[in-house]
Amino acid sequence: EFVPGTGEWFDTGIQLPAAVNAPAIAVLNSTTLVVVGGATSGTATPTAGVWTLDRKSRTWTARTSYPITVYAPNWVVTAEGHFRVIGGYSSTGGENNVKVYELDPDTWDWTAKNDCPAIPTFYRGQCKLNDGRLALIGGHNAGIFATVHIYDPAGNGNLGAFGAVSD
């Protein structure tokens, strides 16, 4: 964990219930850390596991599984405080996983949203913009890409909308 006041990192001693590589991860409501998916072996086998860490009690809880297996997705926390997972590699959709799902932290249920552009779908860089949109840059899908997509989680009736970099 990083301590901004000192600029130092320290080991929390808290281990994730399962070893994973490249999950989606975010902090919700300032006290809950959410981890979704990730690869569970050296062969990059995606998982649908979802865990939350209560930072106060320092305990992990298994939650409703992600609807598909996924690793290396993008993600954004919406203005409503919901956790939205975008694309990623999936054993269900392979390199062509275009699914977007939103987690409601009040019920821990997943809801499907509008699909993302098919190429690329995983290992994209991301940056949340000041207006709440998300820039998705580069990525991998049977090759390396230089694409830039802008994702607006509030667009299209809160189902999510993708646009070009000029939007």
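**Pocket, salt bridges and a hairpin**

Mentor: Keep in mind that this is a predicted model. The largest pocket holds about 200 Å³ of space.

Trainee: Which residues line the largest pocket?

Mentor: The lining consists of Glu-1, Thr-12, Ile-14, Val-27, Leu-33, Leu-53, Arg-55, Arg-58 and Trp-60.

Trainee: And how many of the lining residues are nonpolar, polar or charged?

Mentor: The lining divides into 5 nonpolar, 1 polar and 3 charged residues.

Trainee: Switching to charges. How many salt bridges are there?

Mentor: The count is 3 salt bridges. In one of them, the side chains of Arg-84 and Glu-102 meet, with 2.3 Å from N to O.

Trainee: Is Arg-84 buried or exposed?

Mentor: Arg-84 counts as buried because its relative accessibility is 0%, and the cut-off for buried is under 20%. Glu-102 is buried too, at a relative accessible area of 7%.

Trainee: OK, next one. Which residue forms a salt bridge with Lys-99?

Mentor: Asp-115 does, and the closest N and O atoms of the two are 3.5 Å apart. This pair links distant parts of the chain, 16 residues apart. Lys-99 sits in the loop between E8 and E9, while Asp-115 sits in the loop between strand E10 (109-112) and strand E11 (125-128).

Trainee: What is the relative accessibility of Lys-99?

Mentor: Lys-99 has 33% relative accessibility, so it counts as partly exposed. Asp-115 is partly exposed as well, with a relative accessible area of 37%.

Trainee: Which residue forms a salt bridge with Arg-133?

Mentor: That is Asp-131, and the closest N and O atoms are 2.9 Å apart.

Trainee: Now strands. In what sense do E11 and strand E12 pair?

Mentor: E11 and E12 (residues 134-137) pair in the antiparallel sense, over 4 bridges.

Trainee: Which residue in E12 stands opposite Lys-128?

Mentor: Leu-134 stands opposite Lys-128.

Trainee: How many residues lie between the strands in the hairpin of E11 and E12?

Mentor: There are 5 residues between the strands. In this hairpin, Gly-132 takes a positive phi near 95 degrees.

Conventions:
Residues are numbered from 1 along each chain as its sequence is written. This is a predicted model: local features need pLDDT of at least 70, side-chain atom pairs count only at pLDDT 80 or more; totals for chains, interfaces and linings use all residues. Side-chain values use heavy atoms; hydrogens and water are left out. On a 1 Å grid over the protein atoms alone, a cavity is a set of points where a 1.4 Å probe fits but cannot get out, and a pocket is an open set with protein on both sides within 12 Å along at least five of seven lines; lining residues have an atom within 4 Å of a point. Grid points are joined across faces, edges and corners, and a volume is the space filled by probe spheres set on the points. Ala, Val, Leu, Ile, Met, Phe, Trp, Tyr, Cys and Pro count as nonpolar, Asp, Glu, Lys and Arg as charged, and the others, Gly among them, as polar. A salt bridge is a side-chain nitrogen of Lys or Arg within 4 Å of a carboxyl oxygen of Asp or Glu. Buried means under 20% relative accessible area, exposed over 50%, partly exposed in between (1.4 Å probe, protein chains only). Helices (H or I, at least four residues) and strands (E, at least two) are DSSP runs, numbered from the N terminus. Two strands pair if DSSP finds at least two bridges between them.
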